[in-house]
Amino acid sequence: MAVPLRQQVDVGAYVAGQHFKAFLKGQKTARYPLVLMLEPLFRCNLACAGCGKIDYPDAILNQRLSVKDALAAVDECGAPVVSIAGGEPLLHKDCAAIARGIVERKKYVYLCTNALLMEKKMDQYMEFAGNPYFTWSVHLDGSKDEHDKSVCQQGVYVKAVEAIKKAKLAGFRCNINCTLFQGTNPERVAQFFDDVMEMGVDGMTVSPGYAYERAPDQEHFLNRRATKELFRGIFRLGEKSQGQAKQKWRFSQSGLYMDFLAGNQEYHCTPWGNPTRNVFGWQRPCYLVGEGYAKTFKELMEDTGWDQYGTGNYEKCADCMVHSGYEATAVMDAVKNPLKALAVSLRGPKTEGEMAPEISLANQRPAEFVFKAHVEHELARIETDAKAKKAAMGAREAAE
Ligand code: SF4
């Protein structure tokens, strides 16, 4: 099962509880986190062309969230699912301890990795084999040629597949996460999904890439129309090869989100659905765009100008259809329209006919470029902290 039954029940109960609480408070919109995106470091052992996370000076790449800070973020946020991302989380020496603390809190952990270190470090994670609260989420953007090109290094696909097989043999839950870019061939993706299912993975997370302003390759991101046509093409092939309307590929995403990718739902994003905590703090407004940082989760939720973001509101959001922004929208839609959600999950995404109307970009505000200011601010903070630490050490030595 792509999402274990226990997880479906727990997350369903959490979502229902959040809506009930909002109802009791007389709130029109229930605003709650669904998946915490925890980035305990930005350092990575790859340098993918589509990545917007690793272009920082060394002083920032050397920063780590401590186990204490990471678990405090989990408690503060309260989301039932935690995705440990990065950077490459397996480079963090305490990543297993962070995962353990989250599992002990009965939250569902997805440990996102490029798998280069997965076999080597698997022993540290054996306590989670067979545990429904822990899932490896291995980055694979396609079959061998596509994936190695996407991560700009030969041999990564083979290593990742070996790690997936080893994890499955050891009894772990194991998913893949796949990002698609412009120029993707639907036939190749359909074949790749078939191959992944044959590997015995539990589920697949798939999303179009987001055009990070710092990504080295700015040429190959999909616009919304191209995304919808690509996904319709892929889903059509799924129907054909499996001889029935409902897809047999096991996606770990909701049916309504997949239907949105195929152009059938007119959704606005829910950026607070997947709040992000990284070495800077709580990122505003979402996992993809870093326009500011709040010190606490409460401050993020209460003091962010949410209306300034989203497709139609902001230039940087124009082409976004990424799951971290829209899965929560799909879940909320399912709560409000359970029969529609059931129908979509039974028939699969619609691949023919008119698409849902697109959001107008006529009134979007222009992009702001704030990366440099954040880097300078963070470097100044690191320097101040280092000086304070040195002064405290000096004072301690003098007193001894
Ligand atoms: S559309 Fe929403 S999720 Fe996507 S980048 Fe903008 S704020 Fe983030």
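How many Å separate the centres of domain 1 and domain 2, taken over C-alpha atoms?

## Domains

The model is predicted. It is divided into two parts: domain 1 covers 5–369, and domain 2 covers 370–400. Taken over C-alpha atoms, the centres of domain 1 and domain 2 are 34 Å apart.

The two domains touch. Domain 1 brings 12 residues to the contact, and domain 2 brings 7 residues. On the domain 1 side, helix H2 (58–61) and strand E9 (290–294) each give two or more residues. That side of domain 1 holds 6 nonpolar, 2 polar and 4 charged residues.

## The sheet

An open sheet is formed by 9 strands. Their order is E6-E5-E4-E3-E2-E1-E7-E8-E9, and the pairing is mixed. Strand E6 (203–208) and E9 are the edge strands, and each pairs on one side only. From one strand to the next, the twist averages 25°. Edge strand E9 is also one of the elements on the side of domain 1 that touches domain 2.

Further in, strand E1 (residues 35–38) pairs with E7. The sense is parallel, and the pairing runs over 2 bridges. Met37 has Thr276 of E7 as its bridge partner.

## His268

His268 sits in a loop, between helix H10 (255–261) and strand E7 (276–278). Strand E7 is the parallel partner of E1.

Is His268 buried, exposed or partly exposed? His268 has 15 other C-beta atoms within 10 Å, so it is partly exposed. The reasoning rests on two cut-offs: a buried residue needs 20 or more such atoms, and an exposed one has 12 or fewer.

Which residues does His268 contact, leaving aside its neighbours within four places in sequence? They are Gly310, Thr311 and Thr329. Another pairing along the chain involves Met321: His268 and Met321 are 53 residues apart along the chain, while their C-alpha atoms are separated by 9.3 Å.

Note on methods. Residues numbered from 1 in each chain as written. Predicted model: local features only at pLDDT ≥ 70, side-chain atom pairs only at ≥ 80, totals over all residues. Domains from an automatic or database assignment. Helix = DSSP H or I, 4+ residues; strand = E, 2+ residues; numbered from the N terminus. Nonpolar A, V, L, I, M, F, W, Y, C, P; charged D, E, K, R; others polar. Pairing = 2+ DSSP bridges. Axes fitted to C-alpha atoms, helices over the stretch in contact; angles between N-to-C directions.
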